[in-house]
Amino acid sequence: MLYVVGSILLNSRERIKHLRDNLKSMEPIKDVLQWDFNIDGKYASKAEELIKSVWPNANITSDGQSTYYKVIKGQLDRAEQSVGENGSAFFWLEDHWFVCTEPQRANELFQNFQNGKADVLTISHLKTSWERKSLLGAQNTTPSFIEYEVSNKTQPQVWEKYPKAYVTGLPCVYRIGFAQKLLEFNKVDTDSEKRPHGYELTPSKAKQFFEEHGGFIEWVARFHVFREVFKRNKHARALEYKDAKSLLKFREKGLFS
């Protein structure tokens, strides 16, 4: 089971459309997803309705007062109680949407991650990750993922070429126990605001994290698990908006799995 966690603000029609498209694109893997999510804003009730139309047992809150730290801590604690600290959590963002382009391979990758030893599974921003993470030196390569050791011994090889490269980011899949460790490490930043700024490991914070907690194992997917889609701010790493919409239409007609 992959817990979908996060806290978002929905005050625009465009973002509720992004959510609707996200849900459609994630339906092929709906059986492996469990939502424990916080949504605040004008369209919070509509968003809850959309999510529960696909996942009736989703736990959706509308906490507009608590900090990001408190909201995420509650979600991760509940996930741990349900599946243990070795379970998986997908930190989801609302600023753009994702298309699950290969559902069957995605399901297999999630299952392998669940049974594996990695703490981090990178499934988006992949063109960037394929370029930068390769500098770490692969520990293992499979048809679905490449395994890296991320530590104070390997990460400087990335920073030498990309000094501002983050070590961890969002959106991403984390082992629940590791996600809790990150949350506590970043408490000063995440307990002072309502959005996820501060949860990621910037270069300066990563050096301290390595000193206190050591390194970790990361898997980087070799295929686009959740392909990013932008309507206006186009990125080279993203799928064209019109192509993403066409994919959803084909699925609705049963022409594409």
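Predicted model: local features only at pLDDT ≥ 70, side-chain atom pairs only at ≥ 80, totals over all residues.
Trainee: Which strands stand at the edges of the open sheet of nine strands?

Mentor: The strand order is β3-β2-β1-β4-β9-β6-β10-β8-β7, and the pairing is mixed. An edge strand here has a single partner, so one of its sides is left without a neighbour in the sheet. The strands in this position are β3 (59–61) and β7 (138–141).

Trainee: In β3, which residue is the bridge partner of Asp36?

Mentor: Strand β2 covers residues 33–40 and runs parallel to β3, with three bridges joining them. The partner of Asp36 in β3 is Asn59.

Trainee: At about what angle to β1 does helix α3 run?

Mentor: Helix α3 spans residues 68–83. It lies across β1 (2–9), β2, β3 and β4 (88–91). Its direction relative to β1 is about 165°.

Trainee: Is Asp63 buried, partly exposed or exposed?

Mentor: Asp63 is found in the loop between β3 and α3. Buried would require under 20% relative accessible area and exposed over 50%. Because the value for Asp63 is 27%, the residue is partly exposed.

Trainee: How many Å apart in space are Asp63 and Asn38, C-alpha to C-alpha?

Mentor: Leaving aside residues up to four places away in sequence, Asp63 touches Asn38, Asp40 and Val71. Asn38 is 25 residues from Asp63 in sequence, while their C-alpha separation in space is 6.5 Å.

Trainee: With which side chain does the side chain of Asp63 make a polar contact?

Mentor: A polar contact requires N or O atoms within 3.5 Å. At 2.6 Å, the side chain of Asp63 makes such a contact with the side chain of Ser66.

Definitions and conventions
Residues numbered from 1 in each chain as written. Heavy atoms only, no water. Pairing = 2+ DSSP bridges. Helix = DSSP H or I, 4+ residues; strand = E, 2+ residues; numbered from the N terminus. Contact = heavy atoms within 4.5 Å. Axes fitted to C-alpha atoms, helices over the stretch in contact; angles between N-to-C directions. Buried < 20%, exposed > 50% of the residue type's maximum accessible area, 1.4 Å probe, protein only. Polar contact = N/O pair within 3.5 Å; in protein donor to acceptor, adjacent residues only side chain to side chain.
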